[in-house]
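Dear colleague,

Please find below the structure for your review. A summary of the findings follows it.

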Amino acid sequence: MNSVLGDRRAVLVFIGPALLIYSAIMLVPVLWSMGYTFFSGSVITGFTFTGLDNFTRMFSDPKVAEALVFTLKYAVILTVGQILVGYGLALIYVFWLKKASSLVRTLVFFPAVLPTVAVSLLFQKMFEVAPQNGLVNEVLNFFGAPSVDWFGSAGTAFLVIVIMDIWRSMGFYAILLYAGLLDIPEDILESARLDGASGWTLIKGIILPLSLPVLLSSLIFSINGTLKVFDSVLALTNGGPGSTTTPLTLYMFRTAFSYGDYGYGSTIALLLTMICLLVTVFIFRSSRRDLTKG
Amino acid sequence: MSLSTAAAASRSSILQPDNSSSRRRLRRNVRKLPAVLIIGLLLVITVYPLIWLLLGSLKTQSEFLNNPSWALPENFLNFDNYVQAWGDGNVGSFILNSALATFPALAMIIVFGVAAGFALEVMVWKGRGTVLLLFLAGIMVPGQMILLPLFTAYFQAGLTGTLWPLIITYTATGLPLTVFMMATYFRAVPREIFEAAAIDGASIYRSFLSIGFPMVRNAIFTVALVQFFFIWNDLLIALTFTSGSTVQTIQVGLLSFTGQFGVVEFGPTFAAICINVVGILVLYVFLNQRVMKGLTAGAVKG
């Protein structure tokens, strides 16, 4: 029996192709990319060795600082927003809509599967000011407020990105947290209710502490995903106005492909990977049990 | 809180005189009202932008310029925008490109990923923990970290301008999550089944094909669905390898589409976005429960 389940050649047949492709297309390029950090140039212009120049340049580049601040700001605000809205929705599903929530859950989840590009273009049209007012400005005008040039300033453009990404992902986080809330034993809730706990006290005293593990893992999933934000920003604001809404991912992309500097691009990518790595290590430290549950 | 105090408190609340039933019914009706309002609000927030999009795709240019954007289209059967987007806007060929990149990659992800998950979870060998960890690390690596070497490699291999870079890259980036999810699903299959099969003389390949594969068939479908959404909706990899070429995927095409038509012509842009949305909607109408389950199971990817 062990000779069958431990057949070395069969192991190789089963795992070989996956491991080979994965190594060649992901692991080797990661190392290769690290090698690029010591060079400047691109595949078209050729590479020249520059030692640690890329790193010294990165640490004194105000654009990297700006992009890093944007990335962190976006990740923190969006994570908090996603979790809060998602948790609110999950509570509504479980304790208010109860069995009737199935259709609502399904509908609110839907934007999460839509292509980011499509959603971004839709929101671009909705928040448009010129040449035609979009839906949002029309509503503002209806209430007597003047039209706002949403994509004209950094603050409002950031706001639109956040609104859009929360709209897109709230249903997803609601389901994630909903599953956690369903795991709370009914008898605990029942006895708390008999005890007279209801509404806010019930949430604060019983539900919140008991759903802390699932909240924590959602939090970490969310940070890990939002740090890599690319699609929605590129399609919605293209990093503008100026470079005020440019995250690290987009700055790296521009450096590499618009300015043809693979070395510096790789250095920024490495910085991003390091940040993601720290977060991931944190994932495995704090919620290993939930992860392996799948 | 401790259970004993809860039990004690519940006993005391039972002793108190109960509310009359009519008051309770009234309270229940009043309590239903906010629920109805919440449902309504949620539906408006989620669904209205999509309906607005659909209505916009049926409007003519003069309607866009002269009517408010919330107005209904004057002619509900005006599909000119779709014709223009599909033909002149190349949306038709973008979708074909997307399909030609997505499905081969999906097939390879499933075949290799399921086999790897089987080897990692069912078979017994030294170092399988390390290999699983190696795959797990891939979930976290941002795409930006592998783009530049891959671009160099594909460029030097002469693959730039074809769909091959996409198919290969999607296969590789899809594998970590697939292997991880499949290993999880195989863990749920009792080991005794495979051991019994081995004792009965089945080879490991037979075990995989006749026992392992059928037992996780549902899971495979779910994983394929999850990967489909990730690949179909991808922008970063598609933009890097197909931008400016004739093999643009729908997402890249849509992005350049607005650059080309967007500011001047609203109708075709709305129609192009709508085509992209409706395809996904059809899939979602039939498979929503599975999609929701699968995507939340794959939440590790963030």
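**Fold and domains of chain B**

Chain B contains 14 helices and zero strands; helices (H or I, at least four residues) and strands (E, at least two) are DSSP runs, numbered from the N terminus. This is a predicted model, in which local features need pLDDT of at least 70 and side-chain atom pairs count only at pLDDT 80 or more, while totals for chains, interfaces and linings use all residues. Residues are numbered from 1 along each chain as its sequence is written, and chains are lettered from A and ligands numbered from 1 in the order in which they are written.

Of the 302 residues in chain B, 45% are buried (20 or more other C-beta atoms within 10 Å of the residue's own, with C-beta atoms placed from the backbone).

An automatic or database assignment divides chain B into domain 1 (21-82) and domain 2 (88-301). Their C-alpha centres are 34 Å apart. In domain 1 of chain B, 11 residues are in contact with nine residues of domain 2 of chain B (contact: C-beta atoms, placed from the backbone, within 7 Å). Helix 2 of chain B supplies the largest share of this side of domain 1, four residues.

**Interface between the chains**

Across the interface, 83 residues of chain A are in contact with 88 residues of chain B. On the chain A side, helix 2 (residues 8-36) gives the most, with 17 residues. That side has 57 nonpolar, 20 polar and six charged residues (nonpolar: Ala, Val, Leu, Ile, Met, Phe, Trp, Tyr, Cys and Pro; charged: Asp, Glu, Lys and Arg; polar: the others, Gly among them).

Yours sincerely

How values were computed
Two residues are in contact if their C-beta atoms, placed from the backbone, lie within 7 Å. A residue is buried if 20 or more other C-beta atoms lie within 10 Å of its own, exposed if 12 or fewer, and partly exposed in between; C-beta atoms are placed from the backbone.
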